[in-house]
Amino acid sequence: STRVFIHVVSSLPSAFRAANMSSVGLATLKQINLSQVFSALWVEFGSELVLLALFCAGFTLFRITTIRELIPGSQARRGTPLSKAELALKVAPPAEAAPEGALRHRIIPSSTLQRTRSTTSEIGGSSTKHAPGTVGANVVLAGRIGDLELLQQACQQAVSEGSPLPANACEVLLRHCASSADSNGPEMFDQLIRAGFEPSEGILTAVVSLCAEARHVRLAEHTISYVRRTGGRVTLALYSALMKVYGHARLWHKTCDLFESMKLEGVMIDTVAYGSLIKAAVESGRNDLARQLFKESGNPDLLNYMSMIRAAGREHDVPKAMRLLEELERSPLPVDATAYNCALEACAACNDRTSAEVLFKRMSENDNIDVVSYNTYLKVLLYAGAREEVARIFREMRGRDLAPNVVTYNSLVRDAIARQDTARAWSLVGTMEQAGVMPDAFTCSILMKSVKHSPCPDDVDRIIDLIQRTKVIPDEVLVNCLLDACVRLRDTQRLTKVLQQFRARGVVPSPHAYATLIRAYGHARLVDRAWELWHELTGGEGSAGGSEEAFAAMVEACLAGGDLQGAVGIFREAGERLQRFARAPSVFSAIVKACLLSKQPQLGIELYSETKDLFVCGRVSFNTMIDALVRSGDTAKATELFRDMALTNVTPDLITYSTLIKGHCSRGDLEQGLQLLGLMQRRGIAPDAVLFNSILDGCAHKQMRTLTEQVLRDMEAAEIAPSNFTLSILAKLYGRCGDLDAAFHAVEYYPERYGFSVNAQVFTSLMSACIANGALPRAVEVFERMAPAGAPPDAKTFQTLLSGGVRASDVQLVARLLQDALSVGLASRLESEVLDAALLLVARRGQAAQAADLASELRASGAALSQRALRAALESAAGDCGTPMSRLGSEDSSTHLSWPRSPPPAPMPRSRAPAPKRLAA
């Protein structure tokens with residue numbers, strides 16, 4: 001082929017001479033007769049072309065024959081074309097031949113092994129051991145095909161047969177690991193090195209360079225560390241390749257760190273490397289290093305100057321950017337519009353209109369101006385509010401034959417949207433279309449901002465129509481903006497319509513968009529549609545196929561739609577992936593709260609027991625579960641959760657201790673509560689009033705007066721003032737201990753010392769203590785002190801004192817209390833048992849008329865009276881006036897619990913006087 005090429009080149013002059021075109025000019029060459037040229041070329045070397053074609057055909061046939069001989073069982077089918085399955089048969093080892101040793105981590109999937117076995121049965125071959133060269137050829141061939149599966153199978157065959165791979169096969173493996181971003185690349189590299197492979201500097205440089213596009217930082221750094229471990233010197237080529245990898249991965253700080261390593265190792269940095277280092281220093285914000293590199297470069301090129309100008313712009317140092325530009329103009333380097341645009345962009349970043357105008361004028365005079373320059377200057381004018389100059393800019397652009405592009409119009413549309421001038425924005429969009437500039441996805445995204453400020457269904461439809469009319473391919477930002485707008489409008493029908501339109505155009509929503517849709521359907525109570533999207537996103541693989549955001553959104557949708565079991569199922573299906581989900585604690589907390597609201601706390605506890613080893617539960621979730629267990633009386637399980645907090649390094653807070661101590665005290669386990677109090681104080685958590693009151697209440701229930709007073713002294717020592725709740729506890733304690741003087745002293749002493757007023761609950765507790773100790777007069781005195789003290793009695797107060805009066809058979813006190821309750825409107829809130837007992841006492845102790853009046857008034861106030869009390873009041877009234885029971889009321893009075901509103905009149909005999917007016921009423 002080389003000889004033919006040389007012969008063709010050498011024969012060209014004679015071919016042109018044969019066509020009588022050896023001395024023609026440019027105008028004549030345009031009129032060449034191509035048929036004469038081809039005829040001359042065929043006459044000159046047509047036989048060589050025929051020989052070359054025959055050679056290529058023979059070589060191809062030879063290669064096909066050689067490859068078929070490498071595949072067992074292919075002799076019987078030599079006439080059929082080579083299939084991928086046959087190649088898989090050649091390179092795939094049997095499943096039972098997987099040995100221990102090198103490359104063990106590359107296990108072939110079971111589906112691939114099954115497919116290979118089926119292919120073996122079809123072809124009729126069997127797995128045999130082949131020569132080392134054959135195995136290496138398989139690796140090279142699989143690498144050229146680019147099939148990772150076949151490449152892995154070839155490696156497995158080499159391991160199973162113990163065949164060393166040749167150098168070219170090892171190089172193919174490393175290149176493939178680098179270009180495909182294989183996570184097992186460093187392990188593969190080490191396995192090949194241990195197998196005897198010694199890569200050259202060129203191979204290492206190529207491998208590191210291939211890592212750039214795939215952003216395989218780990219393999220690139222592993223390769224450099226291998227060079228250093230083996231005592232080799234990291235050359236400038238390797239450093240440059242590593243800079244390229246860091247640049248693609250945007251790891252600018254690591255690129256800057258290479259500068260010190262290069263200096264220590266004495267590597268001579270060239271202009272290209274200086275440019276990469278300066279750019280990395282600027283991007284990472286290390287402007288001092290960028291200036292140092294710029295000075296050390298000695299002879300900086302145009303890119304270095306541009307990087308320094310950008311750095312000055314980021315520092316908001318416009319004078320420095322101008323000095324660098326002037327220095328660049330004085331240098332022998334050619335300065336184009338791109339360098340001027342960097343300086344103009346620095347002025348725009350600093351909103352320096354004056355410097356921008358001076359520079360723009362100089363660029364216009366030097367004719368170093370393009371559309372980017374106008375767009376940047378337009379940004380400065382719009383920020384400064386000089387919108388009247390926009391028309392002049394457009395005229396000047398047309399004068400230079402520069403047509404405004406989509407970026408120009410997008411700047412104007414963004415300014416109009418920022419001023420909430422939606423009409424102006426749509427007018428500019430119409431101007432764009434008239435000028436032949438089609439809006440892009442960024443234009444539509446800017447328009448979506450107007451919908452964000454004031455959601456309107458018509459605006460959303462208008463943007464969707466623009467997308468369809470101009471055939472804009474929505475990007476991820478635009479899709480998310482549209483879906484967010486539909487969610488904000490709470491219009492699920494439009495949301496579904498937009499989603500269907502995107503799918504019809506082949507636009508696949510991003511995981512964030514899926515999460516937004518799932519969350520929207522959940523809050524709209526359309527849980528079925530949320531489940532459809534979830535299965536579509538995960539591909540029917542459960543939560544193993546969804547992202548963390550989609551996982552959290554699906555749980556939120558289930559909870560919002562009332563599907564608690566579905567939310568628990570999603571959380572359970574996540575399984576091991578919960579270890580990688582940062583939102584797992586917050587999602588679990590939401591599920592636990594939903595379980596409590598639905599009165600299913602045990603479901604949340606069971607979910608915690610199943611998944612507690614997969615994530616660290618938050619303090620709020622622990623407190624919620626502990627509170628639920630304490631309320632249900634399961635303090636043992638609550639204590640177990642408290643231990644789990646310590647094991648998972650979740651520090652209990654005051655709420656945790658208060659809940660547990662209250663639970664133990666309420667169950668009478670005062671010793672355990674006091675131990676927790678001591679533990680809390682040793683950990684530096686100061687107890688609050690609620691906690692002290694819980695302990696005091698527990699002591700009061702056990703009538704432990706000494707311990708109660710000690711806790712009270714500790715409470716005062718902690719500078720926590722007793723409250724009315726504290727006084728209620730003390731009043732109950734001293735009442736149970738029979739020390740009324742101590743109870744009265746506490747009620748008088750603590751409010752005066754700590755400056756608070758006694759409420760009705762404290763007075764009620766004090767009265768209850770007096771009644772329990774047979775001191776009803778003192779209870780009445782307390783009752784009479786309430787109103788002057790600013791604590792009017794409540795229903796509980798009346799019930800307590802009424803019960804005491806009934807117990808002491810004090811008819812006058814009971815009747816007065818009933819009259820007072822009626823006067824303050826609390827009679828209807830009294831319990832029926834208390835009212836019945838009081839009314840029966842009044843009726844049976846000779847106060848018949850008063851009992852009837854009270855019964856009538858209680859009935860009118862809406863109080864519930866029993867049949868027994870009503871009958872007693874009526875019978876006592878009838879006995880006093882000598883009127884039969886049937887004359888005082890209708891039959892309803894003996895069967896209903898309420899006083900009859902209008903009893904039918906009874907026949908009045910002449911010999912009997914009429915009934916009293918009050919009773920008739």
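Biologist: How many aromatic pairs does this predicted model hold?

Modeller: In this predicted model, the count comes to 15 aromatic pairs, and one of them is formed by Phe-189 and Tyr-226.

Biologist: What makes the pair of Phe-189 and Tyr-226 edge-to-face?

Modeller: The ring centres of Phe-189 and Tyr-226 lie 5.1 Å apart, where a pair requires centres within 6.5 Å, and the angle between their planes is 75 degrees, where edge-to-face requires over 60; the pair is therefore called edge-to-face.

Biologist: Why is this pair said to tie together parts of the chain that are apart in sequence?

Modeller: Phe-189 belongs to helix α9 (residues 185–194) and Tyr-226 to helix α11 (residues 217–229), so the pair joins parts that are 37 residues apart in sequence.

Biologist: Are Phe-189 and Tyr-226 buried or exposed?

Modeller: Phe-189 has a relative accessibility of 1% and Tyr-226 one of 11%; buried means under 20%, and therefore Phe-189 counts as buried, as does Tyr-226.

Biologist: Which ring has the charged end of Arg-778 over it?

Modeller: The charged end of Arg-778 sits over the ring of Phe-744, at 4.3 Å from its centre, and Arg-462 lies over the face of Trp-426, 4.2 Å from the ring centre.

Biologist: How do you know that the span of helix α36 agrees with what it should be?

Modeller: Helix α36 (residues 654–666) has 13 residues, which at 1.5 Å a residue should span 18 Å, and because its end C-alpha atoms are 18 Å apart, the two values agree. Its buried residues, including Tyr-657, Leu-660 and His-664, pack against α34, α35 (635–647), α37 (670–682) and α38 (689–701). Just after α36, Gly-668 takes a positive phi of about 85 degrees.

Biologist: Why is Cys-56 called partly exposed, and why does Cys-177 count as buried?

Modeller: Cys-56 has a relative accessible area of 40%, which falls between the limits of 20% and 50% and therefore makes it partly exposed, whereas Cys-177, at 4%, counts as buried because that is under 20%. The structure holds 0 disulfides.

Key. Residues are numbered from 1 along each chain as its sequence is written. This is a predicted model: local features need pLDDT of at least 70, side-chain atom pairs count only at pLDDT 80 or more; totals for chains, interfaces and linings use all residues. Side-chain values use heavy atoms; hydrogens and water are left out. A disulfide is a pair of cysteine sulfur atoms within 2.5 Å. Buried means under 20% relative accessible area, exposed over 50%, partly exposed in between (1.4 Å probe, protein chains only). Rings of Phe, Tyr and Trp (its six-membered ring) pair if their centres lie within 6.5 Å; planes under 30 degrees apart count as stacked, over 60 as edge-to-face and the rest as tilted. Helices (H or I, at least four residues) and strands (E, at least two) are DSSP runs, numbered from the N terminus. A charge sits over a ring if NZ of Lys or CZ of Arg is within 6 Å of the ring centre and within 35 degrees of the ring normal. The expected span of a helix is 1.5 Å times one less than its number of residues. Contact means heavy atoms within 4.5 Å.
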